[in-house]
Amino acid sequence: CIDSACRRATTLGYNVVLVSDGHTTGDTKVLPAAQVIAHANRLFNGFDNLENWAEVHPSQEITF
């Protein structure tokens, strides 16, 4: 669901910041959680769609 939400947000004109160490996934039958997390972080870091983008940062680098 994060994948779809991130992609849709960029098409709606939002820039997206994702937390690289905020995953709550578990192991799947195909991949362990660590590989799922690494893949998601690589996939979205630097992702851009039209004029908007997504970046991935560790939680300590993000301020609200």
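Before you click anything, here's a term for later: two residues are in contact, or touch, when heavy atoms of theirs lie within 4.5 Å. This is a predicted model, where local features need pLDDT of at least 70 and side-chain atom pairs count only at pLDDT 80 or more, while totals for chains, interfaces and linings use all residues. Residues are numbered from 1 along each chain as its sequence is written, and side-chain values use heavy atoms, with hydrogens and water left out.

Stop 1: Select 16–19, 48–49 and 52–57. You've picked up an open sheet of three strands, in the order 1-3-2, with mixed pairing. Strands 1 and 2 sit at the edges with a single partner strand each, so one side of each has no neighbour in the sheet. (Strands, E of at least two residues, and helices, H or I of at least four, are DSSP runs numbered from the N terminus; two strands pair if DSSP finds at least two bridges between them.) Strands of a sheet pair through backbone hydrogen bonds, either parallel or antiparallel. Here, strand 1 and strand 3 go parallel, over four bridges. Zoom in on Leu-18 and you'll find Val-56 of strand 3 standing opposite.

**Stop 2: helix 1.** Now select residues 2–11, which lie across strand 1, strand 2 and strand 3. Helix 1 runs at about 160° to strand 1 (axes are lines fitted to C-alpha atoms, for helices over the stretch in contact, and angles run from 0 to 180 degrees between N-to-C directions). Which residues of helix 1 are buried? Colour Cys-6, Ala-9 and Thr-10. Buried means under 20% relative accessible area, exposed over 50% and partly exposed in between, with a 1.4 Å probe and protein chains only. Among what covers them is helix 2, at 33–44.

**Stop 3: Thr-10.** Thr-10 counts as buried at 1% relative accessibility. Leaving aside residues up to four places away in sequence, Thr-10 touches Val-16, Phe-47, Asn-49, Asn-52 and Trp-53. Just after helix 1, look for Gly-13, with a positive phi of about 100°.

**Stop 4: the cysteines.** Buried or exposed: what is Cys-1? Cys-1 is exposed, at 84% relative accessibility, whereas Cys-6 is buried at 3%. Their sulfurs are 12 Å apart, too far for a bond. The structure holds zero disulfides (a disulfide is a pair of cysteine sulfur atoms within 2.5 Å).
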